[in-house]
Amino acid sequence: MALAVMERRQQEETVPAAPAKDRYRWWGPLAVAVFAGVLRLWNLKSPHAFVFDETYYPKDAWALWHNGYESVWPDNANQLILGNPQIVPLSGTGTFIAHPPLGKWVIGLGEWIWGLDPFGWRIAVALLGTLSVLMVARIGRRLFRSTLLGCVAGLLMAVDGLQFVLSRVGLLDGVSAFFVLAAFGALLIDRDRTRDLLRAARAEGGRAADEVRLGLRPWRLAAGLLLGAACSVKWTGAPVLAVLTLLVLLWDQAGRRAAGAHRAWRSMLRRDLWPAALSLPVAGLAVYLLSWTGWFATDGGYDRHWADGQPGSWVPGPLRSLWHYHAQIWEFNTHLTSPHTYQSNPWSWLVQGRPVSMYWVQLAAGQDGCTAPDGCASQILALGTPFLWWTACFALAYALYRWFFRRDWRSGALLAAVAAVYLPWFQYQQRTVFSFYMVVLVPFLCLAVAQMLGAMLGPAGSPPSRRRWGAAGAGLIVAAIVGCFAFFYPLYTGQVIPMSEWHTRMWFESWV
């Protein structure tokens, strides 16, 4: 009897009902996304400068769209590009780059439409950052079966300082975060649709759950293509691809078991393993190779003809040249140890121990609107909203509890994504790394916080007093996070503020 109850409970947790059809299922997430979009697009062209690594990627993007490959730029290129009249000193000589091309193709799309200026190289990333907020709200709704919690997750992401800043600069990390999040959402849809098929097999009885073929799974294939795109922006997408592939197989095994399969592991290995491999790693590899089309189709790219002077092989020359190029990229990325003022250790990232100053100008009184006698500062600080990140530490602990003791698959999914994004960085203790890499982690932190706030609210049917106190506590946390974002907003947008106000916002010495 007890075993039957446990099996029924597991089935209820692993095969949830479809989200309810409520009137706010789209309007709520869209409202949150509009709010996020206004924040991210407002005065996007400011500052009129190359912010941090914008000194690399926008110029690489321009070269890709004009030459098909990244090119060499003169040392004074930034001044010439920002000058009036503008001079774009693009050369035809290929240059070594440290990251695949897709993220720069995305940045270049905005430049192709609006030109090589700060708005042009930031707009595409800003739009993807806004769409990411919409996706988080919709993913949260699907994950927790609650439009309210989905919108809360979206709102939290809208007011996270790190995601906000990385949505307003022409860097690659915001693009990578978009593709990873989109792939996660696609896999959730695939999971729901697969469970519908498995429930139908359970209704047939017998060995149907062992033998059923799940057929074409377009959302799983979409996830593979998106994860391939993430790898084509930065190689940090590769661990995510590996972990989510394993997660999908575990979901398939658990789904077959919940549907009554007698040998769920064998059925998964026979029926699901190879289709998953084709839909995820193989499809991802295809996208990755396609992202290098410009390099393949032209002759001027770095090391494009390296294989021409090497001994023959059955592998085509361009592929051998690309492999050699990748060996150099791997060597560079794994042995980068040049000291940097704002580098930090991954141990400090979740608590925002060392944020990255991406832009800094100190102004004297009377300069550029500064009226403070002691002068002013204009800074863009890649700092996650502190109250959100500190709350997320507790939320991850709660998710770990839910997964370990309650076998909550939703908590397991979030923890798997967090592990795939965060843990690989710990193997590079000597490498020069920065906390803003964790912008890819932000959506999953927001979803974890939303899950914890949902637990504070209490399940449906709880006593009214329990719900009121839970709502008050959850509302207070959300209000504190929004207020914290508003307090640091000047440091997220490069506003000119008195030095005294700047010092007020430097809560820790490690932030300076």
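Colleague: How do I read the way two helices cross, and is the crossing of H11 and H14 left-handed or right-handed?

Modeller: Two packed helices are described by the angle between their axes and the distance between the axes. A crossing is left-handed if the near helix is turned anticlockwise from the far one by less than a right angle, and right-handed if clockwise. In this predicted model, H11 and H14 cross in the right-handed sense. Helices here are DSSP runs of H or I with at least four residues, strands are E runs of at least two, and both are numbered from the N terminus.

Colleague: Before we go on, what sits behind the values?

Modeller: Residues are numbered from 1 along each chain as its sequence is written, and side-chain values use heavy atoms, leaving out hydrogens and water. As this is a predicted model, local features need pLDDT of at least 70 and side-chain atom pairs count only at pLDDT 80 or more, while totals for chains, interfaces and linings use all residues.

Colleague: At what angle do H11 and H14 pack?

Modeller: Axes are lines fitted to C-alpha atoms, for helices over the stretch in contact, and angles between N-to-C directions run from 0 to 180 degrees. For H11 (residues 218-233) and H14 (residues 273-290), the angle is about 35 degrees and the axes are 7 Å apart. Contact means heavy atoms within 4.5 Å; the residues that meet include Gly224 and Gly228 in H11, and Ala283 and Gly284 in H14. By class, this contact has 12 nonpolar, 5 polar and 1 charged residues. Ala, Val, Leu, Ile, Met, Phe, Trp, Tyr, Cys and Pro count as nonpolar, Asp, Glu, Lys and Arg as charged, and the others, Gly among them, as polar.

Colleague: Which elements do the buried residues of H11 pack against?

Modeller: Buried means under 20% relative accessible area, exposed over 50%, and partly exposed in between, using a 1.4 Å probe and protein chains only. Among the buried residues of H11 are Ala223, Leu227 and Val233, and its buried residues pack against H5, H9 (173-204), H12 (237-258) and H14.

Colleague: How do I check the length of a helix, and how far apart are the end C-alpha atoms of H17?

Modeller: The expected span is 1.5 Å times one less than the number of residues. H17 has 21 residues (386-406) and should therefore span 30 Å; its end C-alpha atoms are 29 Å apart, which agrees. Buried residues of H17 include Trp389 and Arg402. Just after H17, Arg407 takes a positive phi of about 55 degrees.

Colleague: Which residue makes a polar contact with the side chain of Ser344?

Modeller: A polar contact is a pair of N or O atoms within 3.5 Å; within protein, one must be able to donate a hydrogen and the other to accept it, and residues adjacent in sequence count only if both atoms are side-chain atoms. The partner is Trp349, whose side chain is joined to that of Ser344 at 2.7 Å. Ser344 counts as buried, at 14% relative accessibility.
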